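Subject: Structure for your files

Dear colleague,

Here is the structure I said I would pass on. My notes on it follow below.

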Amino acid sequence: MVRIIAFFIGVGFAFVLLISLITGLSAAFSEEPTASAEEEFHKEPKHLALASDGPFGKFDRQQLQRGFQVYKEVCAACHSLKLVAFHDLHALGYEEPEIKAIANQWAIEVPTDNPETGEASTRKAIPPDNFPSPYANETAARAANNNALPPDLSLITKAREGGAAYVYSLLTGYQRQPARLVKEFPATKTPQGLHYNPYFATLNIAMPPPLASAGQVTYAPGNPAPSVDQMAKDVSAFLVWAAEPKLENRHRSGIAVVIFLLFGTVLAYLAYRQIWAEAKRKVRPTGPLDPKNIAKSRAAKSRQGVAG
């Protein structure tokens, strides 16, 4: 009895699944998919060429220093760089006294504990410290940014599709919301406190334009003019370095490995030509194709009256 009941339950379950499948297929073929505002107006990152691109790419130290300056004066107010230490700036061309001065003058102090009272406190940064976060915790960060959490920028060019090109496009992509978008998708009008940016996944981003005007950061003499486009390129290059500071070593290692493999391939081919190319393959003296065995096979077939 139990088996009969289970059988009918299984049949009913299979019937419901079949009905759902038929209904879903019917809806998929009869109803055209509705386009969304994101599909219509989202843009792919703009092209960005950096000196570090490609297998032979190398960092432009001068550009990295400009990018660090943009991060320090603009981005560091909201975004942390928790996986990078001050002494890592030596790779950008800064000397030890300069790094000590940068750490000591950093606007955000490093959280610590008072050894005398045990209470939470802060101190000046030193070169071994990682860049401190501008906020004490996530709650404080959201409270200061309209409930949006500013991401850490240490690995941002690895974490976002498009990498540095995405960062560059986002920084230079702020614009007024197109009238056609509001007309076709009234519900997607940019809310109060958000900003339209077609390079952001949802088109509306909580971060206001960080690079608002040319000259916002003053570059040292001999550098390009600090336009919004140039500052965006420079900070994008700096964040590529922050995400992969050993990129040049990886490129050098990759080139060495490729050269080694090519050399090994040539040696293996020459060894084959020298040693194995003249070697003769040895064939078993007996087998199905041996003349004696062929004669025996034919004789047996003849006795049996088998053709062939």
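The protein has a radius of gyration of 34 Å, whereas a compact globule of 308 residues would have one near 19 Å. That radius is taken over C-alpha atoms, and the globule rule is 2.2 Å times the number of residues to the power 0.38. Along its principal axes, the C-alpha trace spans about 105 × 75 × 55 Å.

Before the rest, the conventions. This is a predicted model, in which local features need pLDDT of at least 70 and side-chain atom pairs count only at pLDDT 80 or more, while totals for chains, interfaces and linings use all residues. Residues are numbered from 1 along each chain as its sequence is written, and side-chain values use heavy atoms, with hydrogens and water left out.

Overall make-up

The protein contains 11 helices and four strands; these are DSSP runs numbered from the N terminus, with helices being H or I of at least four residues and strands being E of at least two. Of its 308 residues, 29% count as buried (buried is under 20% relative accessible area, exposed over 50%, partly exposed in between, with a 1.4 Å probe and protein chains only). The accessible surface comes to about 20800 Å², and 60% of that belongs to carbon and sulfur atoms (Shrake-Rupley method, 1.4 Å probe; for residues, only the protein chains shown count as cover). Among contacts between residues at least 6 apart in sequence, 66% join residues at least 24 apart, where contact means heavy atoms within 4.5 Å.

Pocket and cavity

Both terms refer to a 1 Å grid over the protein atoms alone: a cavity is a set of points where a 1.4 Å probe fits but cannot get out, a pocket is an open set with protein on both sides within 12 Å along at least five of seven lines, and lining residues have an atom within 4 Å of a point. Grid points are joined across faces, edges and corners, and a volume is the space filled by probe spheres set on the points.

The largest pocket has a volume of about 660 Å³. Its lining has 26 residues, and H79, P151, L170, I205 and M207 lie nearest the centre. Helix 7 (164–172) and helix 9 (228–243) each supply at least two lining residues, and helix 7 gives the most, with four. By class, the pocket lining has 22 nonpolar residues, three polar and one charged (nonpolar: Ala, Val, Leu, Ile, Met, Phe, Trp, Tyr, Cys and Pro; charged: Asp, Glu, Lys and Arg; polar: the others, Gly among them).

There is one cavity of 30 Å³ or more, and the largest cavity holds about 40 Å³ of space. Residues lining the largest cavity include L50, F59, D60 and A237. Helix 3 and helix 9 are the elements that give two or more residues to that lining, which divides into six nonpolar, two polar and two charged residues.

Single residues

H87 sits in the loop between helix 3 (61–73) and helix 4 (96–104). H87 is partly exposed, at 40% relative accessible area. Leaving out residues up to four places away in sequence, H87 touches I99, P127 and P128.

Two residues other than glycine have positive phi. N146, in the loop between helix 5 (138–144) and helix 6 (156–159), has phi near 55°. L203, in the loop between strand 3 (195–196) and strand 4 (204–205), has phi near 75°. N146 counts as exposed at 55% relative accessibility, whereas L203 is buried at 3%.

Regards
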